[in-house]
Amino acid sequence: MTKDELRTAIWNKMKEVMDWEIGLDVVTLGLVYDIKVDDENNVKVTMTMTTPMCPLAGGILSDAEMKVRSVEGVNNVEVELTFDPPWTPDRIDPAVRKQLGI
């Protein structure tokens, strides 16, 4: 699998990581800012939460790491939490924003 194919597989796997409070996956919510894959297939996911006070942050981050580790070909995984830039509802998938009336 090429680095680009692996990155795509990881993005797709991240769609299985749910924000249980909201009931949507972290990709649809726009919580995943970046996924980097180096030459040794080590992965760094940079993501955020809807709020710094998210009570489910630990579980969501652990689930993200577990899901990425399950992708064939992935070596080490780092999931970095950031609040820069802060998340806003504008990051939600436009089709879903429309359904939610946002």
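This is a predicted model: local features need pLDDT of at least 70, side-chain atom pairs count only at pLDDT 80 or more; totals for chains, interfaces and linings use all residues.
Strands β4 (residues 43-47) and β5 (residues 77-81) run parallel and are joined by 5 bridges. One of the pairings links valine 43 to valine 77 of β5.

The largest nonpolar core holds 28 residues. Within this core, Ile10, Met14, Val45 and Met47 touch the most other members. Two or more residues each come from α1 (3-14), β3 (32-37), β4, α2 and β5. Helix α2 gives the largest share, with 5 residues. Nonpolar side chains tend to be buried together in soluble globular proteins.

The contacts of methionine 14 were examined beyond four places in sequence. Methionine 14 touches Val26, Val27, Val32 and Ile35, and also Val45, Met47, Ala64 and Val68. Val45 and Met47 are themselves among the core residues that touch the most other members.

Asparagine 41 sits in the loop that connects β3 and β4. Its relative accessible area is 22%, so asparagine 41 is classed as partly exposed, whereas a buried residue would fall under 20%. Threonine 28 lies 13 residues from asparagine 41 in sequence. In space, their C-alpha atoms are 25 Å apart.

Terms used:
Residues are numbered from 1 along each chain as its sequence is written. Side-chain values use heavy atoms; hydrogens and water are left out. Two strands pair if DSSP finds at least two bridges between them. Helices (H or I, at least four residues) and strands (E, at least two) are DSSP runs, numbered from the N terminus. A nonpolar core is a set of buried Ala, Val, Leu, Ile, Met, Phe, Trp, Tyr and Cys residues joined through side-chain atoms within 4.5 Å. Buried means under 20% relative accessible area, exposed over 50%, partly exposed in between (1.4 Å probe, protein chains only). Contact means heavy atoms within 4.5 Å.
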